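Open the model in your viewer and keep the selection tool at hand. The stops below go from rings to charges, then to the core and a sheet.

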Amino acid sequence: MLALVLLGSIWALNKHHPFGSSLPRLGFLLSPSHGFWKQAEPQTPRKAKSIRLPKLNSEVEVVFDERMTPHIFASNLKDAAYVQGYVTASLRLWQMDLATRAVSGRLSEILGEQTLEYDRIQRRKGMVTAAENELSAMKGDPVEWAVLEAYADGVNAYIQTLVPVDYPLEFKLLNYSPEPWTPLKSALMSKRMAETLCSRNSDIPATNTLRALGRESFDFLFPEYNPKQSPIIPESVPFDFQPVAPDTSAQPEPAMIGQLWRQPMMPTPPPFLGSNNWAVSGAKTASGNPILCNDPHLDLSLPSIWFEIQIHTPEVNAYGVSLPGLPGIIIGFNKDIAWGVTNVGHDVLDWYAIKWLDEQKSRYLLDDQPQKVTEVIEEIRVAGRKTPVLDTVKYTVWGPVVYDEPSSPYYDLAMRWLAHDKPTGNSFHQVGTFWRLMKARNYDDYSEALKGFDTPAQNFVFASREGDIALKVNGKLPVRQPGQGRFVQDGSFSGNQWRAFIPRDQIPQVRNPERGFVSSANQHSTSPAYPYYYLGDFDDYRGRVLNRLLEGMNGIEAKDMMALQFNSYSIMAEESMPVFLGLLEGASLDAAENEGLQLLKAWDYNYRKTDKAPLLHRALLDSAYALTFDEFFDRPDSLAMLTPELWRFIDLLANHPGHAIFDAKQTPEKENAAAIVQKAYKAAVKAWYADLKSGKTDWGKFNGADISHLLRLPAFSRLDLYTDGHNNSLNAIRQGHGPSWRMIVELGDPVKAYGVYPGGQSGNPGSPFYDNMVTQWAEGKYNVLNFMSSPSEKLPKMLSTWKFKS
C-alpha cells in the first residue's frame, strides 16, 4: 500500500498544477519524517490507547474489531456522539472536509479555477441557505442539537491533536489545513444527500420536447406509467382515505407558449442511481425469523461513502453505517428491529419562469404586482487569485434564480426545491429520526421516528423480532394536480405554487402484506389508483425482478438473500431480446453476424462477468436506440431534450413497428422497426468485434467497476474491477456506480447480520484498511457483523481499544 501512496504522489508532483491549485511544498511532501511516508500504517494498530477529551461527562471505551470498525460504549447519548465525531474524523477527516466544500461551493479555494463554475452553481442553488434552514429547525429540539454540538466537538477535539506532519495525505498534496467542524457542516452533509437523491428534474428538457413534438407526439412517446410496472405498494392494498384536493388554479401547461429554453442544464445525478431493500416475514424463512436486506446504490468512491460503526449506551445499542460528517446510524439494526432506505424518486424540484420588469432584474411580476428580489452577494475565493470572484444571486418568492441568461433580459428561471424549506410541524428532524430508529423496539417506534424525516424522501423498510415487516414511502410530498411540475411553470402566477403536502397518514405504506414480503427498488410508489398525482424518476426493471423472485422463494436463509443482492438477471434483456430476434428474422447476415445471433439466442439474460452475449446486446440496444431517435440526437442546436424511456422504446419495437419514429430522416427510404434493427445489428456486430480486439472479451472486462479516489488519482483508486452486474439488474453495477453497502439482518435471538461495502474504514491510502473489502465486495462475499453487547466481549480478532476520559 505504501508503494501506491508513493506512485500517486509522484504522479501528482509530475503534473503541472494537477488540481488547479499551487503545488504543495515539495521538500515537505518528500520528507521521510514529515511527508507522505508518514501515511504508512502497520497491519496491526497499537493495541491500546488512552485519550483525554475535556468535554466528556463519563468514560467511553471504543473497541476496534478486525476490520477497524469502532464499537463505541458510552454511558450517555452526548458522550457517544462526541466520541463518534472524534473517531470518524480520525479515519475520514479529509473526506468530510471535501464533501462540505463541494456542497457549499468552496472547492475553488483549494482546487483553483477548474471548479469555479461548479462553485458558482452551488452558490446559486442556495445549498448553504438550505443547510442553515435545516439547522435552525434542529436547534428547536434540545436532544438533537446536543447531539450535533457534541459530534462537532468530537471532530474538533481530533483536529486539535494534529500538527501538519499528521495531516491526512490529501491536505498535504493540496497544501491546505483542516478547519474547525461545526453543526452547519453536518447540516451541509444532509443537504449533500438531498442534492444527490432529490434534485433530479426534467422540466426544461420536457418543455423543449413538448414544443418540438407537439402534444400528441409527446404524450405518445412519453407516457408517465409503465403498465408492466410492479409498484412498491402492492395493488391489493386499498387507499381508504379522503385525499386533499389539489389547487385547480395551477397551470400544468408550460409557461410562455412557443418559448424554448436554451439555458445549459444544471448538472443532475445520473439516472441509473438506485437502491434495493426488502424484508421477508418469518413465514417465508427457514428459521421463522424476519430477514431485512438493503443495498443502496450510489457513486462509488475511495474513501468510501459509508463508515461502519456500533454505538452502545444504556438506551441505544445499534450497528450499521453512518455518513462521515453526520452523527448516528443511517442504515442498521439493533437487537429488536432493522431498517434500511432506498430513494423514493418523486420530483420535488420545479422551475418557474421569472418575468422581469427592468433591465437590472431587480423587480419581477407576481399576480400583476411588482416584487423586489433579495440579492445575496456570494464571494468565491479561488486559489491563485488575490481577490474573490463576486456573484450576485437573486432570490424570489419561488427560490433562487439559478439560470440567468444575459442575452434574455425578460425571462430567467427560479428554482423551487423542497430541500430549501425550513422543516416545520415536527418536534425533531433528520438527525433525530435516525437516533430514534437506533433505539426503536417495534413498529410503533419506527412509525414515530419517521415523522421527523422530510427530505430526501426515502422508502424506509422495517422488520422486527416481534414478526412485523413494513415499508413507508416517507417524506414531505407536494399535492399536485395532474401534470403540475412536469414542465417549466409561469412564475408570474402565485397559483402555481404548492398549496399543500400529502398528510403523513396518507403517504404510500404497507404493513404485513399477505404475500409475506415488502420491497422497493426505486420503482413507482403505487399504481395509478393512488389518489394523488406524482411525477419523478422511477426504475422499470429491478422492482419487477425483485418482486418476481421474492414471490417464488420460501425457506429463505441469509445465503439466499446474499445471492439475491448479487443477482444479475435483467428483465430488460428478457423483454428486448425476443423482440430483436423477431425483427432480425429474414435478414441477410454474414458469418460473423450469424455467430453473434447464435450467441444471443443462447443467452439466459444474466449479466455475469464471464458472459459475452451482454456485450453484443448492449451494442445492439444502443445502436437501435440511436437510429430510432436520431431526431433527438442530431439537432443543430444544443437544446436540452428528453429521450423516451427504454421500456417505451422496447414497447414501440414490439407493438408499433410501423410508427413514423422509425423512419430515418436522412434517408430517402421509409424505414420501419425491422429495417432499423437490422441496420443496428450490423453496426453492433462490428462494435462487438472491436471490443473483443481491444481486450474487452466478456462483460466483466467491458463493464468493470471503477472505484475512484475523490481526486481521481489512479494510484489511490481501484479500477476495472471484474464483477457481475448491470444497472437494470439487482446487482446494479455500472462502472463508477453500484451497491455502496450490502446488509442482511436476520432478527432472531441473537440477531445475525452480514455486510460489506466497496472500500475500507480508513480514508488513508497508506492504511491496510483503506480498500481491504473491495475484492470481497466484487465477488459477492460478506463479513459477519460483530454486534457486541459489552466492551469485554471476546471477538475473533480485536485490533485496538481506545479509552476516552475527561
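Start with the aromatic side chains: the structure holds 40 aromatic pairs. Rings of Phe, Tyr and Trp (its six-membered ring) pair if their centres lie within 6.5 Å; planes under 30 degrees apart are stacked, over 60 edge-to-face, and the rest tilted. Select Trp356 and Tyr364: their ring centres are 6.5 Å apart and their planes stand at 85°, so this pair is edge-to-face. Both Trp356 and Tyr364 are buried. Buried means under 20% relative accessible area, exposed over 50%, and partly exposed in between (1.4 Å probe, protein chains only).

A word on the source: this is a predicted model, where local features need pLDDT of at least 70 and side-chain atom pairs count only at pLDDT 80 or more, while totals for chains, interfaces and linings use all residues. Residues are numbered from 1 along each chain as its sequence is written, and side-chain values use heavy atoms, leaving out hydrogens and water.

Next, select Phe629 and Phe632. Is this pair stacked or edge-to-face? Phe629 and Phe632 are edge-to-face, with 5.8 Å centre to centre and 75° between the planes. Phe629 is buried at a relative accessible area of 0%; Phe632 is buried at 10%. Now widen the selection to Phe218, Phe222, Phe487, Tyr625, Phe633 and Phe649: ring pairs link these with Phe629 and Phe632 into a cluster.

Move to charges over rings. The criterion is NZ of Lys or CZ of Arg within 6 Å of the ring centre and within 35 degrees of the ring normal. Select Lys476 and Phe501: the charged end of Lys476 sits over the ring, 4.6 Å from its centre. Then select Arg648, which lies over the face of Phe220 at 4.6 Å from the ring centre.

Now the core. A nonpolar core is a set of buried Ala, Val, Leu, Ile, Met, Phe, Trp, Tyr and Cys residues joined through side-chain atoms within 4.5 Å. The largest one has 241 residues, and Phe333, Trp351, Met561 and Phe804 have the most contacts inside it. Helix α3 (residues 77–104) gives this core its largest share, 16 residues. Helices (H or I, at least four residues) and strands (E, at least two) are DSSP runs, numbered from the N terminus.

Finish on the sheet. Three strands form it, open and mixed, in the order β6-β23-β24. Strands pair if DSSP finds at least two bridges between them. Colour the edge strands, β6 (301–302) and β24 (718–721); each pairs on one side only. Strand β23 (residues 705–709) runs antiparallel to β24, joined by two bridges. Select Ile707: its bridge partner in β24 is Arg718.
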